[in-house]
Amino acid sequence: MKELLENAVRKMKNQPLRHLLHVSIDLPLSGYLPEDYISAGRQKIDMYRKLSLVNDYGELQEITDELRDRYGPLPPEVETLLELKALQLDARQWEIEDIHLEDERFAVFTYRDKKKITQLAHLTGKDLRIVDDRQAYLLLRCSSENSAELLRRLKSVLQTSEELS
């Protein structure tokens, strides 16, 4: 809804429309709302819908707080689901549209903006290698079977804190 309103204002001002990048993440991780946390039905569907519409960390924190307030402590599957959503937000800032593993040693980033991925590669050192006009490979240096370690590694790279140009 917020994006629709923002684009309506941009259209009136003859500014380019803002389109949020969808980030596809295909990792050996399982994040979901378990049946014993939120039972099947309208509430679960609504929560998945809310999560799909999250566009920034503030909104993600609001949903996290809502989950805790309404349903209690977060089970591991829900924590993973929220961490995957945060990873999508991190990837979006670098205009990475897909993250998947290859040979269990590399995370492959499919990107849109060569300038941004080059900047990220520069900031992260030799572990991120740009291989062509669409993909960069990140040496994992961790077991892809350990989900917490894998998420920590990806987040540490994508949360590199330097002003994007």
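User: What covers the buried residues of helix 5?
Analyst: The cover includes helix 4, strand 2, strand 3, strand 4, strand 5 and helix 6 (147-158). Helices (H or I, at least four residues) and strands (E, at least two) are DSSP runs, numbered from the N terminus. Keep in mind that this is a predicted model: local features need pLDDT of at least 70 and side-chain atom pairs count only at pLDDT 80 or more, while totals for chains, interfaces and linings use all residues. Residues are numbered from 1 along each chain as its sequence is written, and side-chain values use heavy atoms, with hydrogens and water left out.

User: Thanks! Which residues of helix 5 are buried?
Analyst: They are Lys 116, Ile 117, Gln 119, Leu 120 and Ala 121. Buried means under 20% relative accessible area, exposed over 50% and partly exposed in between, with a 1.4 Å probe and protein chains only.

User: And what happens at the ends of helix 5?
Analyst: At its start, a side-chain oxygen of Asp 113 comes to within 2.9 Å of the backbone nitrogen of Lys 115. After the helix comes Gly 125, with a positive phi near 85 degrees.

User: Now the sheet. In what order do the strands come?
Analyst: The 5 strands make an open sheet in the order 1-2-3-5-4, with mixed pairing. Two strands pair if DSSP finds at least two bridges between them. Strand 1 and strand 4 (128-130) are the edge strands, each pairing on one side only. From one strand to the next, the twist averages 20 degrees.

User: Which strands does helix 4 touch?
Analyst: Helix 4 (residues 76-93) packs on the sheet and touches strand 1 and strand 2, where contact means heavy atoms within 4.5 Å. Its direction makes about 120 degrees with that of strand 2. Axes are lines fitted to C-alpha atoms, for helices over the stretch in contact, and angles run from 0 to 180 degrees between N-to-C directions. Helix 5 (residues 114-124) also packs on the sheet, touching strand 2, strand 3, strand 4 and strand 5, at about 145 degrees to the direction of strand 4.

User: Is strand 2 parallel or antiparallel to strand 1?
Analyst: Parallel, with 3 bridges joining the two. Ile 25 stands opposite Ile 99 in strand 2.

User: What about strand 2 and strand 3?
Analyst: Strand 2 (residues 96-102) pairs with strand 3 in the antiparallel sense over 6 bridges. Ile 96 has Tyr 111 in strand 3 as its bridge partner, and Glu 102 has Phe 106. The two strands form a hairpin with 3 residues between them, and Asp 103 in the turn has a positive phi of about 55 degrees.

User: How many residues of strand 2 are buried?
Analyst: 5 of its 7, so to speak mostly covered.

User: Changing topic: how many aromatic pairs are there?
Analyst: There are 2. Rings of Phe, Tyr and Trp (its six-membered ring) pair if their centres lie within 6.5 Å; planes under 30 degrees apart count as stacked, over 60 as edge-to-face and the rest as tilted. Tyr 37 and Tyr 71 have ring centres 5.7 Å apart and planes at 55 degrees, so that pair is tilted. Tyr 37 lies in the loop between strand 1 (24-26) and helix 2 (42-52) and Tyr 71 in helix 3 (residues 57-71), so the pair ties together parts 34 residues apart in sequence.

User: And the other pair?
Analyst: Phe 106 and Tyr 137 are edge-to-face, 5.8 Å centre to centre with 70 degrees between the planes. Phe 106 is in strand 3 (residues 106-111) and Tyr 137 in strand 5 (residues 135-139), 31 residues apart. Both are buried.

Definitions and conventions: Polar contact = N/O pair within 3.5 Å; in protein donor to acceptor, adjacent residues only side chain to side chain.
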